[in-house]
Amino acid sequence: MKKIVFLSTLVLTFLMLLFSCGKDENPTEPGVGGPNISSFSPTSGPVGTSIFITGQNFSTTASANTVKIGNTTAPVTSASATEIFITVPEGATTGALSITVDEQTDTAETFTVTEESGIAGITLNKSTLNLFTLDTETLKATVEGGGSIEDIVWSSENEEIATVNDNGMVTALKSGNTNIIATIQNISQSCSISIEPNIYVLGSQSDNNLGTFDVTLWINNKPSVIEDAFQVGKVFVYNSDIYTTGESINDNGPDFASVWKNGVPTNLTSGLSPAEALSVFVEDGNVYVAGRELEDVYVSKVWKNGELLYNLTDGTYSSRVHSIFVKNGEVYVAGTEYVENKNVAKVWKNGVSIQLSENANAYSVLVHEDIIYAVGSKNNIATIWVDGLSTSLINGSNWSLASSIFIQGRDIYACGFERIGDVEVAIQWKNGIRTDLTDGKSHADANAIFVNDSDVYVAGWEQIEDKDVAKVWKNGELYFTLDTNTHSSRAQSIFVR
C-alpha cells in the first residue's frame, strides 16, 4: 500500500513539473486579460497604408494576432507584446479597428479608409530663397500626378522670421533662417529661407571738388539721390517708411529745413530764413525732427508731425543740435550752445536744458533704463556722458570725438575718430574698449553706429588717394564700400533692420 501511494505521488509531481516547464518556455502567449489597444496611427489612409498599433498583451507571433478594420482582416507585418504593424488591405472599408488574441478581442476607434490620392509628389520653383527684411516673394508649386495647387497648405517653421500666405507669398520679417513648407495630402516640400537685414545709409557723393554734392540714400548698397536735398541729416526707418532730414532747396530764397518720407519732402520752415533739419526719430507713428533756423542767431528747434513743437534755445546765443531720441513721448535732443565764445554741450529733455560740460560738444543721445547717455567731445577728447557725468573714451590728449552711440542689452557702443600724428583713425568702442576700423595710413572717420541682433554696423568714410570713399564696417571689419562712381563720397548716418 505504501509503495502505491509513493508511486502515485511521484507521478503527480512529474506531471506538475512537466506542465510548469512547458508554460515557462512559451513567453509569447498574451498575458491575463487579453489584448488591450492603447492607440494607433494614422487614423485614416488609403489601401496600402501602414498602421502602427500600441498596447499590451499582444502575441509576439504575428499570425496569432487577428487584426480587423471593420469586418476585413488586415495582414500583420510584425508584432511584439506591445506593438503591431498592419497594412490596410484591398477591399477594406471604414470601420473600427480590433485585435483578437486567443479568442479575446479588444476594439478601438474607427479607422477611415480614404480614396487613393494619385498624387506622386510636389515640387517648388525654388529650394532656397535669399531675402532682405520686409521683402516679399511668391513661391510657385507644382503637384505631380493629380491634385490641385489650391489644396496646398503653406506653413512657416518660424513665423517670427518669415510668414507665408495661402498663395505661397513669403514675407521676410527679421534676419535669420527658416523653412517654408508646402503640404498636400501628407506629401511635403520645403524651401530654405535666408533673410538678411536691410542696411540704410545716408550720405553724400560729389563729381567734383567744388563743394557741390548729391544727398544720397543707399539701401543695401544701391544708391538713389534725394531730389532737391542739400545738407545731410539722419535716416530713420519706421515700419516700411524711410525718413531722412536735411535742407530742401528753395529757388526763391533760403533753403527749407525739411524731412523726407520715402523721398517726398515736407518743409518745416517758411523759407524766409536759412534753416536745417539734422535728426529724425519716429515713435508710435509720430515724426519728431530736430534742427535749427536763423533768426538773429541760430535757434535750435523741435518739430512734431511737420509743426513746430518748441524752441530749444531763446535766441540769446547761437546753437546747433545733432541728435534726437524719443521714449514714451519724452523728447531728448543733444547739441551745442555757443555761450560767450564757449561751446557748451547740452541735452534738452522736453525742451528743458541740461548742461553737460563747457568746452564740449554733444553729438548723439539716447535713453536706456531711464538713464541719459550722450557722446561727443570735451576739451577735444572723445567723451561719453552718463546722466551728466563725463568719461573720456581715449587715453592721452590726441584730438578725438565720438559721434554716435547705441545701446544693446547691457553693452554700450560708440564710434568716432582719434587723430594720431597727422592722420585721423576711425574707431568704434564697446563698453569703453576700442577697435580701430582703419590702419592710420589715411584719414578716416566713423560717423554712425547701429547694432542689429549681435552685429555691429558702422558708417563713415576713408580717404583713398585723392578722394573720400564712403564705407560700412561690420563687427570691426570692412563690410562694403558704398557703390558710387563719383569723385568723392561720405556716409553720415546708418539704420539697420
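**Figure 1. Strand S6 (residues 76-79) and strand S7 (residues 83-87) run antiparallel and are joined by three bridges.** This is a predicted model in which local features need pLDDT of at least 70 and side-chain atom pairs count only at pLDDT 80 or more, while totals for chains, interfaces and linings use all residues. Residues are numbered from 1 along each chain as its sequence is written, and side-chain values use heavy atoms, with hydrogens and water left out. Strands are DSSP runs of E with at least two residues, just as helices are runs of H or I with at least four, and both are numbered from the N terminus. Two strands are said to pair if DSSP finds at least two bridges between them. S6 and S7 make a hairpin in which three residues lie between the two strands, and across it Val 76 stands opposite Ile 86 in S7.

**Figure 2. An open sheet is built from three strands in the order S12-S16-S15, with antiparallel pairing.** Strand S12 (136-138) and strand S15 (162-164) each have a single partner strand and stand at the edges, so one side of each is left without a neighbour in the sheet. On average, neighbouring strands here are turned by 20 degrees against each other, direction ignored, where axes are lines fitted to C-alpha atoms (for helices over the stretch in contact) and angles run from 0 to 180 degrees between N-to-C directions.

**Figure 3. The largest nonpolar core has 89 residues.** A nonpolar core is a set of buried Ala, Val, Leu, Ile, Met, Phe, Trp, Tyr and Cys residues joined through side-chain atoms within 4.5 Å; buried means under 20% relative accessible area, exposed means over 50%, and partly exposed lies in between (1.4 Å probe, protein chains only). The residues with the most contacts inside this core are Val 201, Val 289, Ile 324, Val 333, Trp 429, Leu 482 and Ile 494, and strand S42 (residues 444-452) gives the most to it, with six residues. Leaving aside neighbours within four places in sequence, Ile 494 is in contact with residues including Ile 199, Val 235, Phe 450 and Val 472, where contact means heavy atoms within 4.5 Å. A second, separate core of 20 residues includes Trp 154, Ile 161, Val 164 and Ala 172. In soluble globular proteins, nonpolar side chains tend to be buried together.

**Figure 4. Six phenylalanines, Phe 236, Phe 281, Phe 325, Phe 406, Phe 450 and Phe 495, form one aromatic cluster.** The structure holds ten aromatic pairs, and rings of Phe, Tyr and Trp (its six-membered ring) count as a pair if their centres lie within 6.5 Å, with planes under 30 degrees apart called stacked, over 60 edge-to-face and the rest tilted. Phe 236 and Phe 281 make a tilted pair, 4.7 Å centre to centre with 50 degrees between the planes. This pair links distant parts of the chain, since Phe 236 lies in strand S22 (residues 229-238) and Phe 281 in strand S26 (residues 275-283), 45 residues apart, and both residues are buried. Phe 450 and Phe 495 also form a tilted pair, at 4.7 Å and 50 degrees, with Phe 450 in S42 and Phe 495 in strand S46 (residues 488-496), 45 residues apart. Phe 450 is buried, with a relative accessible area of 11%, and Phe 495 counts as buried at 11% relative accessibility.

**Figure 5. Arg 490 lies over the face of Trp 461, at 3.8 Å from the ring centre.** A charge is taken to sit over a ring if NZ of Lys or CZ of Arg is within 6 Å of the ring centre and within 35 degrees of the ring normal. Arg 292 lies over the face of Tyr 298, at 3.8 Å from the ring centre.

**Figure 6. Four strands form an open sheet in the order S42-S43-S44-S45, with antiparallel pairing.** S42 and S45 are the edge strands, each pairing on one side only, and neighbouring strands of this sheet are turned by 30 degrees against each other on average, direction ignored. Eight bridges join S42 to strand S43 (residues 455-464), and Val 451 stands opposite Val 456 in S43. Strand S44 (residues 467-474) and strand S45 (residues 477-481) pair over four bridges, with Thr 481 in S45 as the bridge partner of Lys 471. S44 and S45 form a hairpin with two residues between them, and Asn 475 in the turn has a positive phi of about 55 degrees.
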